[in-house]
Amino acid sequence: MKSAFEELKEAKAHLVKQLSEDTCLKDFQASYTEIIDQYFRASLEESETGRGLFKKKRPFTFVAVGGYGRKELCLHSDIDIIILFSSKIPAEAKDLAEEIFFPLWNLGLDLGYGVRTMKDCLSLCRDDFEVLTSMMDSRFICGDSPLYLSLMENLQKKVVVKKSMAFTRWLDDQNKIRMDKFGDASYLLEPHLKEGIGGLRDYHHILWIARTCFDLRTPRDLEYYGKLSHNEYRELEEDLMFIWLVRNHLHLISGRKNDQLHFDYQEKIAEQIGFKNKGGLLAVERFLGKLHSCMASIKSLHKSFINTHLPKRGLSKKRDKPEIISNGLTLYQDEIYFDSSTAILSNPFLLLEIFEKCSVLCCRLSLESMRLLREFLYLVDDTFRASEKATQLFLTIINNKYTFEALDQMFETGFLEVFIPEFGEIKDRVQFDAYHMFPVGRHSLETVRQLKELANRKELLLHDLLLDLADPQSIFLAAFLHDIGKKGKDHSRKGKAIATTILKRLGYDKKKTEDILFLIRHHLLLAETATRRDLNDEKIVVTCSRTIRDVERLKMLYLLTWADSKATGPKAWNEWISNLVQELFFKIMHILEGKELATAHASQKGKNTQSQVRGLVAGKISAHDLDKFFEVMTPRYLLNSSPHDIVRHISMVEQLGKTSQQFEPSAFVIDTRQDSGDDYWELVFSAKDRPGLFSDLSGVLAINNINILSADIYTWRDGTALDIFQVSRPLDPIHPEETWQHVERDLKNTFKGKLSLAYRLGQKAEPSILSDRKKPSRPPKVIIDNESSDFFTLIEVFADDRVGLLYDITHTLFELRLDIRIAIIATKVDQIADVFYVRDLEGQKVKDEDQLKEIKEALDYKLGLT
Amino acid sequence: MKKIEAIIKPFKLDDVKDGLSGIGIKGISVTEIKGFGRQRGHKEVYRGAEYQVDFVSKIKIEVVLESELVPEAVKTIQEKAHTGQIGDGKIFILPVEEAIRIRTGETGKEAI
């Protein structure tokens, strides 16, 4: 016959083999416990020492404690056992322990044992509640059974009953410690199966409370004695089975007792227990989704159980009496109760009203209410969902102060996914990375929570923005729904479609619905642009602004971006990202408030212009090349130019490209045409931009007696300068081309250093007897504006016109190392009103006070000269 | 062996990363950092309240490589991170005494 040890070895090896082969071996714990029990029984029979002790009338018993007592042995769990004697411990006890336990150590099992008398046991339990819990889980294995029964009886009478208050308080404290330690983000990504929130320990707490308060001895009693409903118990069992299954595989893979599911193991375990990639989700994501959902439901059950059965501390006296808060609902000890199940049947809306009360009172539903709610979920059908009463109640919840607390319980009880079935489809989705902390459902609620809590925080930009919103309800709904389309790629587009259906069912205001759909569709816009785009590029910011279109939406989008990131995880939001997003936010806001580049009209016009240009050049320029041109054109240029002009400019720039390739360093292209009227001409000049270019141009026009009436200068994003002048008619209208030839010649000479503009202009300006007689004049004015644009310093100049004035101004700006990016030149009768958009050589607005002062003084000086 | 530390604009990270892997550099470390140089923070005003941003968000990349590769790597970073405007960043080159790969214990060239 085989020895007890041989049998144990074989049985265990067989069981481990089964575990690694059978993907869903469910009763590993029970089988393993039985194998160990069997070993103790058989080896005790074999033991000489054991028989000797019984002969000497020194009876003893083997007691399994802790997890072994609960029959929850996983592959590498500790096995804790006590050898119990009635009064005195005989000398042979040591031999007995060695005889029986040593082989187990040799096998590598983590065995902990104690040899104790009845008295030891009781006093240890009294002093150390940790010991008491392991003793509560104890189980008779073999030996003298009356001894075990008397231990249990004494434990109940002398310890449990007397210490029940202190013990439950201790449990409550332990729970809080555990929440603090395991409630943080890392444990959400890498759950701790035993101590984690919603882990096995939560279940143990339920058992210990049941034992202390109701003297229940086995888990089954929870159902038999009505502490849990049949469904609750069945679900609990299923959830536990799954966690144990995972735990066993975790032990198997990591080769040791380890209860934290680290990243490294997650994929392997998902595969081992038979998860497959499906519906755009990875196996590991489906596995984690299931695990989170099991742990969430244990957590919820545990929370309600504790609330219901543990004596409450620090309860206000006011709520100590039942208070009727609505027809059919009662508040008692900070929990809300349904008056009866018939009340629900006669008014199914109570199912939603109870949450509405939560959202006002910040209370929990009692365990009993949760139970009833789950039973009656079938009442929530299509008619219920679309009824005005229900939708109104839901929207009130969204508006109330404690929305998160209400939604959280709606989520826990399963109401939310019944009321909004679309939510059920995404709630357990998990993204397998170190970035997304929560499954999508929880993440959606956390996003709402962030925004709701924001209302209580002070002196924060976001806080002010939230309070300023004309329609706060929409931002909360958007927060709740923003990831509703999270089923694979392009979730914001899918989300928009799904949310359309939901909001329609809720009878939500049409215009507000548009806002929410917009927010869902673009909820990643700000964060993506801020981190991946050049915020100093005006076009990028204008493009964003055109998508967003109004300040109210921008504020909502900023709030949603913040809340969404905060609810994603610690890596998704920090001061670093916050700086970038805030910078973008303000830049967009300034553009939107500027009411110029980003209005609906402007963006529509930009689109129309582009499509007309496409039509005009079809066949001549490939769509690809044309896109490249559009890409470098600035929003301002596109907005202010006609399609025909754009086509003309494009061909100039193409020509410029060819000339520059011939190594002409100062290449330029000039094009003139007479405007429809006879009075003035249009001159277009294009070259690679460089400092001083504009000043050279205006100088050359001045020495050729060409009066600039107005000018628009544009600098494309690739550095192409495009200057468009409206000029007075040449002096010789019969042969205008001669004048233009002179201009071209003088430009070439200027660029090559063969012509000094200052000298020529000086000569020209010498007083002559033919000069105009003195005209009434106004003092010149220079205004420097650093507020209107985030990208440029604006210099506005008002003065009497004279020959070479524009040259003087622009040359001064050139001397001060300013780069003129945009200029709007206008002459009215004899007055000029010019605006120059400038940046310093480093492409920044001018911020240096000394430099600003110098600009103003230098211009004042130049303008003062007549 | 040298270490290159470069401070760059966040949106240039992908370009720089691709550029470096294009010349055969196998690994870089990336850190989100804040600071200021000539490009200072700025102040915003919303409804009378001021929101001061003292530091500018930047990316720091670190690469350890053989000395011969340094000129090419520097050139790549400079080209890819360039916008011509303030705040394009800086590149620092530091000597590295030794490198050890923890897993295998390899040292020197093999470890980088």
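Student: How far apart are the centres of domain 1 and domain 2 of chain A?
Tutor: 25 Å, taken over C-alpha atoms. Keep in mind that this is a predicted model.

Student: How many residues does each domain put into the contact?
Tutor: Domain 1 of chain A gives 17 residues and domain 2 of chain A gives 16 residues.

Student: Which helices supply the domain 1 side?
Tutor: α1 (4-21), α2 (28-46), α7 (129-136) and α8 (145-182) of chain A. Each supplies at least two residues of the side that touches domain 2 of chain A.

Student: And the classes on that side?
Tutor: 7 nonpolar, 7 polar and 3 charged residues.

Student: Next, α8(A) and α10(A). At what angle do the axes cross?
Tutor: Roughly 165°, and the axes come within 10 Å. Helix α10 covers residues 200-214 of chain A.

Student: Parallel or antiparallel?
Tutor: Roughly antiparallel, because the angle is over 145 degrees.

Student: Left-handed or right-handed crossing?
Tutor: The crossing of α8(A) and α10(A) is left-handed.

Student: Which residues make the contact?
Tutor: From α8(A), they include A:Val160, A:Phe167, A:Leu171 and A:Arg178. From α10(A), A:Arg201, A:His205 and A:Trp208 are among them. By class, the contact has 5 nonpolar, 5 polar and 2 charged residues.

Student: New topic. Where is A:Asp718?
Tutor: A:Asp718 lies in the loop between β11 (708-715) and β12 (720-728) of chain A.

Student: Why does A:Asp718 count as partly exposed?
Tutor: Because A:Asp718 has 13 C-beta neighbours inside 10 Å. Exposed would take 12 or fewer, and buried 20 or more.

Key: Residues numbered from 1 in each chain as written. Chains lettered and ligands numbered in written order. Predicted model: local features only at pLDDT ≥ 70, side-chain atom pairs only at ≥ 80, totals over all residues. Helix = DSSP H or I, 4+ residues; strand = E, 2+ residues; numbered from the N terminus. Domains from an automatic or database assignment. Contact = placed C-beta atoms within 7 Å. Nonpolar A, V, L, I, M, F, W, Y, C, P; charged D, E, K, R; others polar. Axes fitted to C-alpha atoms, helices over the stretch in contact; angles between N-to-C directions. Parallel < 35°, antiparallel > 145°, perpendicular 65-115°, else oblique. Left-handed = near helix turned anticlockwise from the far one by under 90°.
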